[in-house]
Amino acid sequence: MAAHLMGVSTWEEAGLRGVDGFLLETWVHAQLEAFALACPRRMELFHFRVRSGPETDFVLARPGRVVPVEVKKSAGLRPEDTAGLRAFLRMAGAEAPFGILLYGGAEPVPAGPGVAALPLGAFLRGGGP
C-alpha cells in the first residue's frame, strides 16, 4: 500500500527514487507484526531509539525476553550495520541474549558478539534457501 501511495510499482523504481529501504522496512514490519499477533505467547513489537544515539528498527518483546531486529538491504555487512543492535544488547542485558540483522546477503553469518546476520530472502520466504 505504501508503494502504491508513493506511485512506485517496482523495486527498481523504488531504488531510483531512494525509497527502497523505507519500503523494505515497512514490509518487514508488517511481517513481524503478523508474527507477534499470531504467536501463542503474548508478544509486542516496538522501535528502539536513544535521543541522538543508536536505534534499532524493531524489538520483539515478551515478558522477560526481547529480541532486537535490524534491517539492511545491502548484501555486504559493515561494522556500523550492527551498532544499534550492539547498543541495545548492552542496555538490555540478560533480557536480550542475541540480536538479528536481516540483510541482503545469501548466507546466515555471525555479525559480531551476540548478533546473527540472516538473509532477507529466507525471512521473506518464511524458510530456508
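This is a predicted model: local features need pLDDT of at least 70, side-chain atom pairs count only at pLDDT 80 or more; totals for chains, interfaces and linings use all residues.
Visitor: Hello! Which strand holds Thr-56, and is Thr-56 buried or exposed?
Guide: Happy to start there. Thr-56 is found in strand E2, which covers residues 55–62. Under 20% relative accessible area counts as buried. Thr-56 has a relative accessible area of 0%, so the word for Thr-56 is buried.

Visitor: Which residues is Thr-56 in contact with, leaving aside its neighbours within four places in sequence?
Guide: Let's go along the chain. Among the contacts of Thr-56 are His-47 and Phe-48, and also Pro-68, Val-69 and Glu-70.

Visitor: How many aromatic pairs does a search of the whole structure find, and what kind of pair do Phe-48 and Phe-88 make?
Guide: The search of the whole structure finds 1 aromatic pair. The ring centres of Phe-48 and Phe-88 are 4.9 Å apart. Their planes stand at 85°, and planes over 60 degrees apart fall in one class. The pair is therefore edge-to-face.

Visitor: Which parts of the chain does the pair of Phe-48 and Phe-88 tie together?
Guide: Both of these residues are buried. They are 40 residues apart in sequence, so the pair ties together two parts of the chain: strand E1 (residues 44–49), where Phe-48 lies, and, for Phe-88, helix H4.

Visitor: How does E2 pair with E3, and over how many bridges?
Guide: Picture the hairpin of E2 and E3, with 2 residues between the strands. Gly-64 takes a positive phi near 85° in this hairpin. Phe-58 stands opposite Val-69 in E3. The pairing is antiparallel, and the number of bridges is 5.

Visitor: Why is E3 described as largely enclosed by the rest of the structure?
Guide: The answer comes from looking at its residues one by one. E3 has 7 residues, and it is largely enclosed because the number of them that are buried is 6.

Visitor: How many salt bridges does the structure hold, and which residues are linked in a network?
Guide: Side chains of opposite charge can pair when their charged atoms come close. The structure holds 6 salt bridges. Some of them form a network, and the residues linked in it are Arg-78, Glu-80 and Asp-81.

Visitor: How far apart are Glu-13 and Arg-17 in the helix, and what is the N to O distance of their salt bridge?
Guide: Both residues lie in helix H2 (residues 11–17). They are 4 residues apart, about one turn of the helix. Glu-13 is partly exposed at 25% relative accessibility, and Arg-17 is partly exposed at 45%. Their side chains meet with an N to O distance of 3.9 Å.

Visitor: What is the distance in the salt bridge of Lys-73 and Asp-20, and how many residues apart are they?
Guide: The side chains of Lys-73 and Asp-20 meet at 2.7 Å, N to O. Lys-73 sits in the loop between strand E3 and helix H4, while Asp-20 is in helix H3 (residues 20–38). The pair links distant parts of the chain, and the separation is 53 residues.

How values were computed
Residues are numbered from 1 along each chain as its sequence is written. Side-chain values use heavy atoms; hydrogens and water are left out. Buried means under 20% relative accessible area, exposed over 50%, partly exposed in between (1.4 Å probe, protein chains only). Contact means heavy atoms within 4.5 Å. A salt bridge is a side-chain nitrogen of Lys or Arg within 4 Å of a carboxyl oxygen of Asp or Glu. Rings of Phe, Tyr and Trp (its six-membered ring) pair if their centres lie within 6.5 Å; planes under 30 degrees apart count as stacked, over 60 as edge-to-face and the rest as tilted. Two strands pair if DSSP finds at least two bridges between them.
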